[in-house]
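Welcome! Here are some exercises to work through with the structure beside you, each followed by a solution in steps.

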Amino acid sequence: MENCLFCKIIAGDIPSTKVYEDDKCLAFRDIAPMAPTHILVIPKAHIGGVDELTADNSAVVAHIFSVIPQIAKEEGLANGYRVVSNVGDDGGQTVRHLHFHILGGKKLSTEMA
């Protein structure tokens with residue numbers, strides 16, 4: 001997508017602090033971290049959000065969820081971490097490109113709202 005911030009990061013037009021990359025996804029540090037470790041994992045193919053997943057494009061989510069534990073281990077998140085995906089305006093999604101937040105590095109609140 002032409003104006004998508006994350007597509008521009010994937011293309012290398014906007015710099016990021018990469019922590020993982022393969023042919024299907026990219027993981028990089030969030031520029032406004034909400035925990036000591038805050039990493040975004042995004043598919044390289046543009047999908048607007050969880051609400052745009054279909055049988056044809058959902059395999060990338062399985063791949064991402066196989067990569068997340070590797071990233072968490074490399075980041076030293078042995079005591080646990082949270083994985084979050086916001087959907088739409090009311091869900092707090094600020095970039096309309098499917099992404100998963102890995103949050104950890106401290107004891108996180110059990111409150112979700």
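**Exercise 1.** Find which element gives the most to the lining of the largest pocket.

*Solution.* Step 1: α1 gives the most, with 3 residues. Helices (H or I, at least four residues) and strands (E, at least two) are DSSP runs, numbered from the N terminus. A pocket is, on a 1 Å grid over the protein atoms alone, an open set of points where a 1.4 Å probe fits, with protein on both sides within 12 Å along at least five of seven lines; lining residues have an atom within 4 Å of a point.

Step 1: α1 (5-11), β2, β3, β4 and β5 are the elements that give two or more residues to this lining.

Please keep in mind that this is a predicted model, in which local features need pLDDT of at least 70 and side-chain atom pairs count only at pLDDT 80 or more, while totals for chains, interfaces and linings use all residues. Residues are numbered from 1 along each chain as its sequence is written, and side-chain values use heavy atoms, with hydrogens and water left out.

**Exercise 2.** Describe the lining of the largest pocket by class.

*Solution.* Step 1: 30 residues line the pocket, and D30, M34, H38, L40 and H101 lie nearest its centre.

Step 1: the lining has 17 nonpolar, 9 polar and 4 charged residues. Ala, Val, Leu, Ile, Met, Phe, Trp, Tyr, Cys and Pro count as nonpolar, Asp, Glu, Lys and Arg as charged, and the others, Gly among them, as polar.

**Exercise 3.** How many aromatic pairs does a search of the whole structure find?

*Solution.* Step 1: the search finds 2. Rings of Phe, Tyr and Trp (its six-membered ring) pair if their centres lie within 6.5 Å; planes under 30 degrees apart count as stacked, over 60 as edge-to-face and the rest as tilted.

Step 1: F6 and F28 form an edge-to-face pair, 5.7 Å centre to centre with 75° between the planes.

Step 2: F6 lies in helix α1 and F28 in strand β2, 22 residues apart, and the pair links these distant parts of the chain.
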